[in-house]
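This report goes through a few features of one structure. Please have the sequence and the model at hand while reading.

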Amino acid sequence: MMLKAMRSILGRKSKTNPAADRPAADAQDLPCPAQATYIIGDIHGRADLLELMLELIDAHIGGTAAENPQLVFVGDYIDLGADSAVVLARMRELQESYPDNVTCLMGNHERMMLDFLADPATRGPRWMRAGAAETLRSFGVATADLENGAEFDAFPAAAHSLRRRLPKGTVPWLENLPLSWTSGNLWAVHAGADPAHQMDEQSARVLLWGHPEFDGATRADGVWVAHGHTEMDAPLAHEGRIATDTGAWRTGRLTACAIRPDGRYDFLQT
């Protein structure tokens, strides 16, 4: 059903005048991607909300007659929510089925999972504190030994079990997820950016974990940065920043920002 919905979304052709999608003359201070763009916030294992969001995006594209829309997911597909395995599989399916229209960025939770697989004894405790138990259980990996005074060999055993249960090709796919996406003056990242550096000079750590000055300093280059990672009571677009993480895993509110080439934008929410 999901791929059927995506064919509807990505197969639609606009019948409007292409000039209508050009940035307005006074749009310099607005986010202006080259094409209609949907930035989708942190999903964290809520497969049900992902389905609802795809329906909302489909309806929005139909209402705005957008052509060749871009869907950019900002990462954190796993952990905290119960359906992490389902969400991860669907993210991969979407990106591989529609590589020209769907981009899946890496989030810090995907990074923690990869670090756990590479060095389970050292990295396992941190990932567990970040909500890994739900992800492991979604793949059928027992977590009791990890949550209650784990023995030294408990994390390597869990990593071995997880590797055996991950669908073939999942780890290489995760390792190759991009850290950013850009179009026009819009950038999408997971966590944020250092306002003192150009976007193409940002470190992986900053893009995945954020920067202390990101929320307080305005960029001087006119770039808008859309991101997730930091839970907000409501989505926000202000002073070059677009925040889309509304704590979907616990609130039931998955958020996307629909941005048109002329700078107009709408927030969609389940």
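## The sheet

Strands β9 (residues 255–259) and β10 run antiparallel and are joined by five bridges. Within this pair, A256 has L268 in β10 as its bridge partner. The model is a predicted one.

The two strands belong to an open sheet of five strands, ordered β3-β2-β1-β9-β10, in which the pairing is mixed. At the edges lie β3 (102–104) and β10 (265–269), each of which pairs on one side only. From one strand to the next, the twist averages 15 degrees.

## Helices on the sheet

Helix α2 (residues 47–64) packs on the sheet and touches β1 (37–40), β2 (70–73), β9 and β10. The direction of α2 makes about 150 degrees with that of β10.

Helix α3 (residues 84–97) also packs on the sheet, where it touches β2 and β3. Its direction and that of β3 make about 135 degrees.

## Helices α5 and α8

Helix α5 (residues 120–129) packs against helix α8 (residues 154–165) with the axes 8 Å apart and at an angle of about 85 degrees, which makes α5 roughly perpendicular to α8. The contact holds nine nonpolar residues, one polar residue and no charged ones. Residues P120, A121, G124, P125, W127 and M128 of α5 meet F155, P156, A159 and L162 of α8.

## Residue T135

T135 is found in helix α6 (residues 132–138). T135 counts as buried because its relative accessibility is 0%, where the cut-off is under 20%.

The side chain of T135 makes a polar contact of 2.5 Å with the side chain of D79 and one of 3.3 Å with the side chain of S84. Leaving aside residues up to four places away in sequence, T135 touches I78, D79, S84 and W127.

Note on methods. Residues are numbered from 1 along each chain as its sequence is written. This is a predicted model: local features need pLDDT of at least 70, side-chain atom pairs count only at pLDDT 80 or more; totals for chains, interfaces and linings use all residues. Side-chain values use heavy atoms; hydrogens and water are left out. Helices (H or I, at least four residues) and strands (E, at least two) are DSSP runs, numbered from the N terminus. Buried means under 20% relative accessible area, exposed over 50%, partly exposed in between (1.4 Å probe, protein chains only). A polar contact is a pair of N or O atoms within 3.5 Å; within protein, one must be able to donate a hydrogen and the other to accept it, and residues adjacent in sequence count only if both atoms are side-chain atoms. Contact means heavy atoms within 4.5 Å. Axes are lines fitted to C-alpha atoms, for helices over the stretch in contact, and angles run from 0 to 180 degrees between N-to-C directions. Angles under 35 degrees count as roughly parallel, over 145 as roughly antiparallel, 65 to 115 as roughly perpendicular and the rest as oblique. Ala, Val, Leu, Ile, Met, Phe, Trp, Tyr, Cys and Pro count as nonpolar, Asp, Glu, Lys and Arg as charged, and the others, Gly among them, as polar. Two strands pair if DSSP finds at least two bridges between them.
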